[in-house]
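Visitor: I am new to this structure and would like to learn how to read it. Could you walk me through it?

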Amino acid sequence: MNDPTDISPAAAEPQELGTSRREFIIGTFYALAAAALASGCAADQLALDEFVQKHFKDLTPDELKKTIARMEKKYWEEYGANIKINATPPIPGVLYGYALDLSRCIGCRRCVYGCIEENNQSRNPSTPWITVLEMDKEGGVDLANADAFYDHEQVPAPGKFYMPVACQHCENPPCVKVCPVEATWKEPDGIVVIDYNWCIGCRCCITACPYGARHFNWSTPIIPKDQINTNTEYLGNRPRPRGVVEKCTWCIHRVRKGQYPKCVEVCPVGARKFGNLLDPESEIRYILENKRVLILKEELNTQPKFFYYYGL
Amino acid sequence: MNPLVKVKNFVFGTGRMAFLGGSPVYYGWLLFLLILICQGLLAYSHQFQLGLISTGLRDSVSWGFYIGNFTFLVGVAAAAVLLVIPAYLYNWKPIREVVIFGEMLAVAAIVMCLLFVCVDMGRPDRFWHLFPIIGHMHLPSSIMAWDACVLNVYLIINLFVASYLIYCAYNGKKYNPKIVVPLVILSIPMAVSIHTVTAFLYNGMASRPYWNSAILAPRFIASAFCSGPALLLILFQILRKVSDFDIKDEAIQKVAEYMAYAMVLNLFLYGAEVFKEYYSNTHHLVHYKYLFSGLHGQTSPIAVYAWMSLAFAVIALVIFLIPKLRMTPMTMNIGCVLIYFSVYIEKGIALIIPGYTPDTLGQVYRYVPSMTEVRVAMGVFGIGFLIFTLMVKVSVAILFSPDRKVAHA
Ligand code: SF4
Ligand code: SF4
């Protein structure tokens, strides 16, 4: 036991605890992984860097810069487009909220198409972030009898009303709770985001979301080169790889720069309202305080920041 | 002898035992498993190239056959070890052997579980994100992260105990009970926990009313107590024929009796669930309607399986409740096969799919597994059975063969 020649790891180890040790282990891992991979595919430095890529929140500003440069280069090779990736921080003192006027929406799906283009969504297969449900006016909001695949010459169809559903940016998001690797989280401005380079594609979050808001890249997304939106955000609309989950981010690349989400802009009847819940003068606060508001699946306590209301 | 040399001898010796001196039936079985594995690998490489689009899964039904099989096998793994309890209580004679075979079955089942999770992942290349320290384990909030923990710990414990016991037997030593007994005792609550945590994975999803029921975890345990022992009973009988493994009839009868209790409990809990849904007749009933008949005038592709599973469970229960039938090997084995498949269908198909159908926005996607999924699943079973077969072959050679000394001479 008390062998003086004993040089057990415990004896040899520097007496440091906490992060430095953790970093040491992580560093060793990366080095090993790098060595293992480099021997196999020395040529493919990009793939290697991507493999050992860290969680978004663990990146130092310098690493973030390098990562973004690498991604932009890769996108250039893949799409032939000069995609610019930003990592815009949240604006302090802002908590976003959204309201949709059920009495105005006509079910034209312009928001759906606008969203697809704005957010570089795959055209084939297509799993749009916004689902517009058609229901009978007689039946009220009754998801069991809702039709997401309606196809009419003209909308609104007689006797029907429409309810667009996308991510509700829950204050108490079950999708975040279940993710085994923390690849998805709620930002300080209330937007629920996903790190597409950390998601392992287990689809727990798809199962946990009560609003069908999350979509999986079942195959490699296809976006026509000339239709790429080159203004992108790291946690938002940059093109996604296969095998990860994506969803509405309230156009994080626009709203953090003070613009409205695309769907708000394209809605022909002005059914969509967006603003800062913390600002008592905002339109969204006016609606919440003065209109009849409906919260989808309120009983689940997800506390959506997306509100339906009857404006007329 | 140098311990390293000992280990080396053990590895080579057991390797020889695994592949040499088998009967033609044994080699035929190995060949069959290899074919299964190869076709599974081919199917998986297809899936790897195309993505999960090659499965029948879509956003509406985002877990299916793979995760169903995973859930079933967690049950098998749990029940295999829980059999240790009666073995100790009644002091069945080949208790060491019962422990070893139970733990080996658990090891093979957990390996299959982990493989099913891997083939279901969109980004298997990022598996390390789930590791402690280098990754981000989302504890304590993610049940999936907990499940990964308990499954891996369970795998390590069982693998260690089983190989340690075999290693000692190989060297003709007595095992050290100070090492084995605490680990075996620890593996019992672990067995309960792997299945409970797996049940919580579904149970905790408030978005899916079909699973959001407090008796889901008890139902998991009850059904596992039906399917796991069924598999072991058949295995014990085979081993009794082909080796010196002399488990007594009374022991087998005792297990069968426990299975009868488990079956009663399983059907009772199931009935309680069905009563609650049909009597309260809320909107949540749609999932049961999809399970047993269909929605919007269309028969669901899983209804026939749901009824099959129920029928198998009832017939097996009748067999196991009547002592005369339970004690006749022929009928008992039929009952074992029936209950095994009943639980397999129940976990593999009837648990996952109706949870997603209709989806959270009321849309119905009629999921059926694709050919790729079925083939990959067969491949995973091939790997699991291969591991189990080789382990059993080795342990039979070591534990029962009188001339085993030759192997490491
Ligand atoms: S709507 Fe769904 S995806 Fe969006 S925050 Fe809520 S649970 Fe998450
Ligand atoms: S699919 Fe991705 S974001 Fe969703 S739970 Fe799994 S790892 Fe997290």
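Guide: We will go through the chain contact, the ligand shells and the domains in turn. Please keep in mind that this is a predicted model.

Visitor: Let us begin with the two chains. How many residues does the contact take from chain A and from chain B?

Guide: To read a contact, start by counting the residues on either side. Here chain A gives 58 residues and chain B gives 43 residues.

Visitor: What area do chain A and chain B bury between them?

Guide: Buried area is the accessible area that two parts lose on being put together, summed over both. For chain A and chain B the figure is about 4100 Å², with 58% of it on carbon and sulfur atoms. Three residues, A:I200, A:T207 and A:W218, supply 18% of the area that chain A buries against chain B, more than any other three residues.

Visitor: How many salt bridges are counted between chain A and chain B?

Guide: A salt bridge pairs a side-chain nitrogen of Lys or Arg with a carboxyl oxygen of Asp or Glu within 4 Å. Between chain A and chain B the count is one salt bridge. The side chains of A:R203 and B:D120 meet there, at 2.7 Å from N to O.

Visitor: Which elements of chain A each supply at least two residues of the side that touches chain B?

Guide: They are the helices and strands labelled α2 (19-40), α3 (45-51), β3 (131-136), α6 (174-178), α7 (204-208) and β7 (215-216) of chain A. The largest share comes from α2(A), with five residues. Sorted by class, this side of chain A has 35 nonpolar, 12 polar and 11 charged residues.

Visitor: Now to the ligands. Which residues surround ligand 2?

Guide: To read a ligand shell, list the residues around the ligand and then sort them by class. The shell of ligand 2 is made up of A:C179, A:P180, A:V181, A:T184, A:C199, A:I200, A:G201, A:C202, A:R203, A:C204, A:C205 and A:V245. Their classes are nine nonpolar, two polar and one charged.

Visitor: Let us turn to domains. How is chain A divided?

Guide: Chain A has domain 1 (1-52) and domain 2 (55-312). The contact takes four residues from domain 1 and six residues from domain 2. About 450 Å² is buried between these domains of chain A, and carbon and sulfur atoms give 51% of that area.

Visitor: Which side chains meet in a salt bridge at 2.9 Å?

Guide: Those of A:E50 and A:K74. Between domain 1 and domain 2 of chain A the count is one salt bridge. One residue pair is in polar contact across this interface, both residues at pLDDT 80 or more. On the side of domain 1 of chain A that touches domain 2, α3(A) gives the largest share, three residues. That side has one nonpolar, no polar and three charged residues.

Visitor: How is chain B divided?

Guide: Its domain 1 (1-203 + 370-399) is written in two segments, and so is its domain 2 (210-223 + 255-368). Taken over C-alpha atoms, the centres of the two domains of chain B are 25 Å apart. In contact are 29 residues of domain 1 and 24 residues of domain 2 of chain B. These domains bury about 2400 Å² between them, 69% of it on carbon and sulfur atoms.

Visitor: How many salt bridges does the rule find across that interface of chain B?

Guide: Zero salt bridges are found there, while 10 residue pairs are in polar contact, both residues at pLDDT 80 or more. On the side of domain 1 of chain B that touches domain 2, α3 (65-82), α7 (177-203) and α14 (371-400) of chain B give two or more residues. The largest share is that of α7(B), with eight residues.

Methods
Residues are numbered from 1 along each chain as its sequence is written. Chains are lettered from A and ligands numbered from 1 in the order in which they are written. This is a predicted model: local features need pLDDT of at least 70, side-chain atom pairs count only at pLDDT 80 or more; totals for chains, interfaces and linings use all residues. Side-chain values use heavy atoms; hydrogens and water are left out. A residue is near a molecule or strand if one of its heavy atoms lies within 4 Å of it. Ala, Val, Leu, Ile, Met, Phe, Trp, Tyr, Cys and Pro count as nonpolar, Asp, Glu, Lys and Arg as charged, and the others, Gly among them, as polar. Contact means heavy atoms within 4.5 Å. Buried area is the accessible area (1.4 Å probe) that two parts lose on being put together, summed over both. Helices (H or I, at least four residues) and strands (E, at least two) are DSSP runs, numbered from the N terminus. Domain bounds come from an automatic or database domain assignment. A polar contact is a pair of N or O atoms within 3.5 Å; within protein, one must be able to donate a hydrogen and the other to accept it, and residues adjacent in sequence count only if both atoms are side-chain atoms.
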